[in-house]
Amino acid sequence: MSPHIPQELEGIYNAEEYARQQAYQRANSRFGIVSGGFSFAIVLLILMFGLFGWLDETLRGYTVHFLLLPLLFFGILFVGGQIVDLPFDWYSVFKIEDRFGFNKSTYRLFVFDFFKQLLLSAIIGGIMLSAVLCIYQYTGKWFWLWAWLVVSGFSLLVSFFYSEWIVPLFNKQTPLEEGELRTAIESFAQKAGFDLKNIYVMDGSKRSTKANAYFTGFGKKKRVVLFDTLIKDLETEEIVAVLAHEIGHYKKKHVYQSMIISILTMGVTFYILSLFLNNLPLSEALGGKIPSFHLGLLGFTLLVAPLSEALGLITNYISRKNEYEADRFAVQFGLGDALVSALKKISVKALSNLNPHPLVVFWYFSHPTLLQRMNRIYKTLCFCNL
Ligand SMILES: [Zn+2]
């Protein structure tokens with residue numbers, strides 16, 4: 001690959017960093033092809049040998065209970081999938097991220113994270129699946145409507161308490177320390193009408209040197225979280241600009257918007273799922289002899305992949321639009337230049353690909369590229385100065 005810097009990136013990457021960026025992207029895309037190809041081959045082999053049906057039949061030898069059988073069935077598939085993914089996750093963290101100086105995780109932390117995530121997904125997934133199974137058992141025709149209501153309510157509950165229940169299992173969140181940064185943020189938060197109590201610093205440096213910030217929760221539980229790595233890498237005004245962007249997401253009601261979208265998506269998904277359940281040809285295609293809820297759900301998941309891809313396109317489009325909106329919010333507070341310089345630092349440090357093919361951006365990216373955001377911010381700046 002040539003270390004020649006494309007014209008549009010001059011002044012952002014220097015030759016040496018650009019060569020590193022190219023090597024990092026290359027390593028990641030190779031890794032993506034190998035790990036993606038491997039998972040695909042495994043699913044294909046399982047389907048060819050009818051192993052889903054074999055698992056169903058074997059488990060039926062032990063129990064046919066309407067809750068236990070599907071919970072065991074999905075539990076085994078879930079744990080199996082996690083074990084297959086484990087060496088790939090390990091390689092990504094300790095070979096790729098480590099080689100480029102991003103990794104801060106240790107073997108011990110990695111193992112703890114793995115088991116904590118496994119347990120957490122098992123609990124949350126187990127509760128949701130049991131609820132859906134009970135509803136399916138007792139409601140009949142209107143199954144999809146009840147399942148939609150209950151699962152939506154449960155996910156709202158989890159996202160409401162996300163920062164208090166789930167994040168502390170993995171990271172420490174502390175209020176902003178006294179000092180120059182807190183004073184600067186305080187004066188901005190006042191102008192923007194956002195309570196300083198809702199701003200936290202998180203020890204992201206425990207796992208990676210990459211900098212980040214996010215907005216989460218709603219109502220009383222809303223909060224902006226700044227990674228300690230972000231605070232270390234950026235100047236005070238740049239941090240305020242990033243914070244302004246995150247508060248922009250809140251002020252423009254992006255959290256509510258994405259909640260509504262995901263609830264609607266869930267409704268459509270449950271309705272289509274209800275058409276698939278207890279379907280004999282589908283169960284047979286998976287190697288099963290008896291139509292069942294779990295084989296129907298599994299077949300549905302495999303078959304609706306194109307639908308999820310299409311929905312992903314729409315959510316990515318909306319998310320990119322929201323990023324521009326949050327940037328504009330920061331610009332309106334006179335933080336445009338600081339935001340550009342913060343975004344440049346974050347992207348260069350993370351060795352991001354700054355000039356991906358427009359189709360790749362359209363298909364996969366939830367955020368516009370740095371250059372797109374810079375252009376839009378400068379345009380807004382000109383407009384504001386008129
Ligand atoms: Zn954003």
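**Notes on the fold and two loop residues**

1. L351 is buried, with a relative accessible area of 2%, where buried means under 20%, exposed over 50% and partly exposed in between, using a 1.4 Å probe and protein chains only. L351 lies in the loop between α14 (336–349) and α15 (358–364), and although L351 is not a glycine, its phi is positive, at about 55°.

2. This is a predicted model, in which local features need pLDDT of at least 70 and side-chain atom pairs count only at pLDDT 80 or more, while totals for chains, interfaces and linings use all residues. Residues are numbered from 1 along each chain as its sequence is written, and side-chain values use heavy atoms, leaving out hydrogens and water.

3. K253 also has a positive phi, near 60°, and is a residue other than glycine. Its place is in the loop between α9 (236–251) and α10 (254–276), and K253 counts as exposed at 53% relative accessibility. Most residues other than glycine have a negative phi.

4. The chain has 16 helices and 4 strands, these being DSSP runs (helices H or I, at least four residues; strands E, at least two) numbered from the N terminus. Its radius of gyration over C-alpha atoms is 24 Å, close to the 21 Å that the globule rule (2.2 Å times the number of residues to the power 0.38) gives for 386 residues, so the chain is as compact as a globular protein of that length.

5. Of the 386 residues, 42% count as buried. Among contacts (heavy atoms within 4.5 Å) between residues at least 6 apart in sequence, 72% join residues at least 24 apart.
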